[in-house]
Amino acid sequence: SWAAADSKTNYTPNYEEPSNYRTGETTAAVKILVDRNTDLVIGAHMLGPEYSELVNVLALAMKLGLTTQQLKTATAAYPSVGTDLSSML
């Protein structure tokens, strides 16, 4: 059960992330839930411009069983919000 998972929450008010800073965005936030034992993403809440790109990446990571360490090594096109993902994890 996901509710019983030993998880950590990474919460970031993301208006200072490089992609948001570059565009002048002042409203953005991300909460990513990670299982402490497996380092797998088990959930996420995202509010911000173009964050649908990141939601899709995290959904695929959950489906494929990728760890946050594996996600941090992924290369994203610049400039895009995908480049902010490693700092959110």
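**Figure 1. Asp39 in the loop between β2 and β3.** Asp39 is buried, with a relative accessible area of 18% (buried means under 20% relative accessible area, exposed over 50%, partly exposed in between, with a 1.4 Å probe and protein chains only). Asp39 is not a glycine, yet has a positive phi of about 65°. Helices (H or I, at least four residues) and strands (E, at least two) are DSSP runs, numbered from the N terminus. This is a predicted model, in which local features need pLDDT of at least 70 and side-chain atom pairs count only at pLDDT 80 or more, while totals for chains, interfaces and linings use all residues. Residues are numbered from 1 along each chain as its sequence is written, and side-chain values use heavy atoms, with hydrogens and water left out.

**Figure 2. Glu50 in the loop between β3 and α2.** Glu50 is exposed, with a relative accessible area of 56%. Phi of Glu50 is positive, near 65°, in a residue other than glycine.

**Figure 3. The open sheet of three strands.** The strand order is β1-β2-β3, with antiparallel pairing (two strands pair if DSSP finds at least two bridges between them). β1 (7-12) and β3 (41-47) are at the edges with a single partner strand each, so one side of each has no neighbour in the sheet. From one strand to the next, the twist averages 10° (axes are lines fitted to C-alpha atoms, for helices over the stretch in contact, and angles run from 0 to 180 degrees between N-to-C directions). β2 (residues 29-35) is joined to β3 by six bridges. Val34 is opposite Val41 in β3. Helix α2 (residues 52-64) packs on the sheet and touches β2 and β3 (contact means heavy atoms within 4.5 Å). The direction of α2 makes about 175° with that of β3.

**Figure 4. The largest nonpolar core, with 15 residues.** Such a core is a set of buried Ala, Val, Leu, Ile, Met, Phe, Trp, Tyr and Cys residues joined through side-chain atoms within 4.5 Å. Ile32, Met46, Tyr51, Leu54, Leu58 and Met88 touch the most other members. Two or more residues come from each of β2, β3, α2 and α4 (85-88).

**Figure 5. Ser19 in helix α1 (residues 18-23).** Ser19 is buried, at a relative accessible area of 3%. The side chains of Ser19 and Asp84 are joined by a polar contact of 2.3 Å (a pair of N or O atoms within 3.5 Å; within protein, one must be able to donate a hydrogen and the other to accept it, and residues adjacent in sequence count only if both atoms are side-chain atoms). Beyond its neighbours within four places in sequence, Ser19 is in contact with Ser80, Val81 and Asp84.
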